[in-house]
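Here is a walk through one protein model. Keep the sequence and the coordinates open while reading.

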Amino acid sequence: MKEEQKTTMIAVAGKGGVGKTSIAAVMVKILTKRFPGKRILAIDADPAVGLATALGIEEGKTIDDIRMEVVETVEDGQTKAAIELLGEAKYQIYDAVSEQNEFAFIAVGRPESAGCYCKINSYLKDVIQMLSENFDYVVIDGEAGIEQINRRVMEKVTHLVLITDVSRKGIQVVQTIKGVADRLVMYDEMGVIVNRIPGPEAKNLVDTGALPVLAYIQSDDQLAKFDLLGENVFFLPDEAEIVRGAAGALAALGIIETGEKQ
């Protein structure tokens with residue numbers, strides 16, 4: 001019997017403001033062009049909800065919306081109703097997935113509220129994992145910083161892609177994420193993309209330590225204009241710095257072949 005293909009799950013993480021969401025969106029663009037027959041899921045796990053905008057779609061009901069429905073039911077003392085809602089949550093999440101022409105999208109939603117709902121959060125985390133298994137490729141735009149690395153969808157991925165700019169703070173953050181991920185995240189491959197490099201010579205000054213560099217991406221005025229206008233990254237040309245850089249990173253990870261058209 002032929003072995004079932006493993007889902008390729010790419011989690012993108014890093015300090016806020018380094019272009020993490022744009023790179024995650026461009027990776028979705030590249031995968032849809034490279035694998036038109038495959039099922040691709042984009043997960044916005046950042047409370048800032050920028051991935052939907054970068055992909056040119058509107059955010060609908062989120063996973064956290066579904067979670068809060070259960071939490072509110074528990075707080076109202078309706079234990080039986082809460083159990084029934086938990087049983088239905090998986091189907092609600094399937095319904096919350098927005099199907100686009102070339103990919104599917106869902107947002108995790110806002111940060112968790114005060115109080116401990118560990119069992120509910122764990123259940124929904126497992127549902128996200130089950131949902132991902134129905135897709136060939138999953139790209140997760142993670143929350144800025146390290147907090148989400150050991151929670152929810154970030155616990156089990158095949159590829160962890162860390163994003164930094166040339167700042168010392170950005171590099172410190174990705175090195176910290178690596179340290180946490182080495183202990184708490186089940187991943188197959190990890191690497192860093194150095195984004196928004198002011199010039200070709202600047203990359204010689206960047207020291208990422210034990211983190212292998214997947215790609216260097218120079219600052220791109222065209223992308224800055226797209227960000228300013230909130231335009232869909234699918235309209236970025238293949239020769240754009242961020243598209244070439246993201247493709248190079250995916251090739252370095254063995255997800256696409258080197259030199260393939262995007």
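The paragraphs below go from the whole chain to single elements, then to side-chain pairs and the surface.

This is a predicted model. The protein has eight helices and eight strands. Of its 262 residues, 51% are buried. The protein exposes about 12,600 Å². Carbon and sulfur atoms supply 49% of that area.

Start with helix H1, residues 20-34. How far apart should its ends be? At 1.5 Å a residue, the 15 residues should span 21 Å. The end C-alpha atoms are 21 Å apart, so expectation and model agree. Is H1 enclosed or open? Of its 15 residues, 13 are buried, so the rest of the structure largely encloses the helix.

Next comes strand S2, residues 40-44. It is mostly covered, with five of its five residues buried. In a regular strand, side chains alternate between the two faces of the sheet. S2 can be read in that way: Ile40, Ala42 and Asp44 point one way, while Leu41 and Ile43 point the other. Both sets are buried.

Which strands pair with S2? One is S5, residues 137-141, which pairs with S2 in the parallel sense over five bridges. Here isoleucine 43 stands opposite isoleucine 140 of S5. Another is S4, residues 104-107. S2 and S4 also run parallel, joined by four bridges. In this pairing alanine 42 stands opposite phenylalanine 105 of S4.

Now turn to the charged side chains. How many salt bridges are there? The count comes to eight. One of them ties strand S5 to helix H1. Aspartate 141 pairs with lysine 20, and their closest N and O atoms are 2.8 Å apart. The partners are distant in the chain: aspartate 141 belongs to S5 and lysine 20 to H1, 121 residues apart. Are these two residues buried or exposed? Aspartate 141 has 0% relative accessibility, so it counts as buried. Lysine 20 is at 5%, so it counts as buried too.

Lysine 33 meets glutamate 102, with 3.4 Å between the closest N and O atoms. This pair again links distant parts of the chain. Lysine 33 sits in H1, and glutamate 102 in the loop between strand S3 (98-99) and S4, 69 residues apart. Lysine 33 has a relative accessible area of 38%, so it is partly exposed. Glutamate 102 is at 35%, so it too counts as partly exposed.

Arginine 244 and glutamate 241 meet at 3.1 Å, N to O. Both lie in helix H8, residues 241-252. They are three residues apart, about one turn of the helix. Arginine 244 has 47% relative accessibility and therefore counts as partly exposed. Glutamate 241, at 23%, is partly exposed as well. Elsewhere, salt bridges that share partners join Lys20, Asp46 and Asp141 into one network.

The surface has a nonpolar patch to look at. Which residues make it? Tyr91, Tyr94 and Met130 do, and the patch covers about 290 Å². Tyrosine 94 is placed in helix H4, residues 79-96. At 33% relative accessibility, tyrosine 94 counts as partly exposed.

Finish with a backbone detail. Most residues other than glycine have a negative phi. Arginine 196 is not a glycine, yet its phi is positive, about 55°. The residue lies in strand S7, residues 189-197. With 36% relative accessibility, arginine 196 counts as partly exposed.

Step to S2, with five of its five residues buried. From S2, cross to S5 over five parallel bridges. There aspartate 141 of S5 leads back to lysine 20 of H1, through a salt bridge of 2.8 Å between the closest N and O atoms.

Terms used: Residues numbered from 1 in each chain as written. Predicted model: local features only at pLDDT ≥ 70, side-chain atom pairs only at ≥ 80, totals over all residues. Heavy atoms only, no water. Helix = DSSP H or I, 4+ residues; strand = E, 2+ residues; numbered from the N terminus. Expected span 1.5 Å × (residues − 1). Buried < 20%, exposed > 50% of the residue type's maximum accessible area, 1.4 Å probe, protein only. Pairing = 2+ DSSP bridges. Salt bridge = Lys/Arg side-chain N within 4 Å of Asp/Glu carboxyl O. Patch = residues over 30% accessible without salt bridge, like charges linked within 9 Å, V, L, I, M, F, W, Y side chains within 5 Å. Areas by Shrake-Rupley, 256 points an atom, 1.4 Å probe, with all protein chains shown as cover.
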